[in-house]
Amino acid sequence: MQFQRLRLVGFKSFVDPAEVQIEAGLTGIVGPNGCGKSNVLESLRWVMGANSAKAMRGQGMEDVIFAGAAGRPPRNHAEVQLTIDNAQKRAPQPFTDSPMLEVSRRIERGRGSTYRINGKEVRARDVQLLFADASTGANSPALVRQGQISELIAAKPQNRRRILEAVSYTHLRAHETSLH
Ligand code: ATP
């Protein structure tokens, strides 16, 4: 499963529709402070089923919705859509034979989140399992936020060991999930 495109509408600072093409070899996002790099990474975790508002740097999940800015009123909903190439048919059933997967998550104020895969409404759990099967997901250690590498280098040996063990454990669990 190859991530191809990420679309954001009303998510955090991305009030207008924005599209990020995920070409082969893309490994990082750079840009000036405050331009929205972390928001892009968070939108990827969010569409994969992240359920901690704290991990989204908010108090509640609705804080991911565009909250307004000078001359722009706040929005009532946010949506993130991830397009995945499944040409190699690695997606689990019932999506194995779909050449493309469109996974989306939408949140409305007062109504919570709705998830869809190829237009069909599914549970958060279905989306989380889809990504767990592909050894990735909202908590994947492969998604490295800003400052995390320097934290790892600066960490005390015991703390570093704890982080590295958590990473191997996550990989092991993802592997076990895909074997079942
Ligand atoms: P830094 O380099 O400082 O970490 P960054 O490039 O990672 O910054 P982000 O932290 O992703 O940038 O984006 C920060 C911007 O997004 C800030 O201007 C913040 O006000 C804005 N922002 C975050 N959440 C919302 C929201 N719900 N509504 C509107 N703007 C938001």
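**Entry 1: L130**

I began with L130, which is buried at a relative accessible area of 2%, where buried stands for under 20%, exposed for over 50% and partly exposed for what falls in between, with a 1.4 Å probe and protein chains only. I note that this is a predicted model, in which local features need pLDDT of at least 70 and side-chain atom pairs count only at pLDDT 80 or more, while totals for chains, interfaces and linings use all residues. Residues are numbered from 1 along each chain as its sequence is written, and side-chain values use heavy atoms, with hydrogens and water left out.

I placed L130 in helix α2, taking helices (H or I, at least four residues) and strands (E, at least two) as DSSP runs numbered from the N terminus. I then looked up V103, which stands 27 residues from L130 along the chain, and found 9.9 Å between the two C-alpha atoms.

**Entry 2: the chain as a whole**

I counted four helices and six strands in the chain, and from the N terminus on I read their order as β-β-α-β-β-β-β-α-α-α. Along the principal axes, the C-alpha atoms fill a box of roughly 45 × 45 × 30 Å. Of the 180 residues, 32% are buried.

**Entry 3: aromatic pairs**

Because F3 belongs to strand β1 (residues 2–9) and F131 to helix α2 (residues 124–133), the pair ties together parts 128 residues apart in sequence. Both F3 and F131 are buried.

For F11 and W46 the centres are 5.4 Å apart and the planes stand at 55°, so this pair is tilted. F11 sits in the loop between β1 and β2 (18–21) and W46 in helix α1 (residues 37–47), so parts 35 residues apart in sequence are tied together. F11 and W46 are both buried.

**Entry 4: E42**

I also found E42 in helix α1, where E42 counts as buried at 7% relative accessibility. The side chain of E42 makes a polar contact with the side chain of K12 at 2.7 Å; such a contact is a pair of N or O atoms within 3.5 Å, and within protein one must be able to donate a hydrogen and the other to accept it, with residues adjacent in sequence counting only if both atoms are side-chain atoms.

**Entry 5: the ligand**

I listed 16 residues around the ligand, the closest being G34, S38, N39, A67 and Q146, with a heavy atom within 4 Å as the cut-off. A backbone N or O atom of N39 is 2.7 Å from an oxygen atom of the ligand, a polar side-chain atom of N33 lies 3.1 Å from a ligand oxygen atom, and a polar backbone atom of C35 is 3.1 Å from an oxygen atom of the ligand. Taken alone the ligand exposes 650 Å², and the protein buries 69% of that, the areas coming from the Shrake-Rupley method with a 1.4 Å probe.

Definitions and conventions. Rings of Phe, Tyr and Trp (its six-membered ring) pair if their centres lie within 6.5 Å; planes under 30 degrees apart count as stacked, over 60 as edge-to-face and the rest as tilted.
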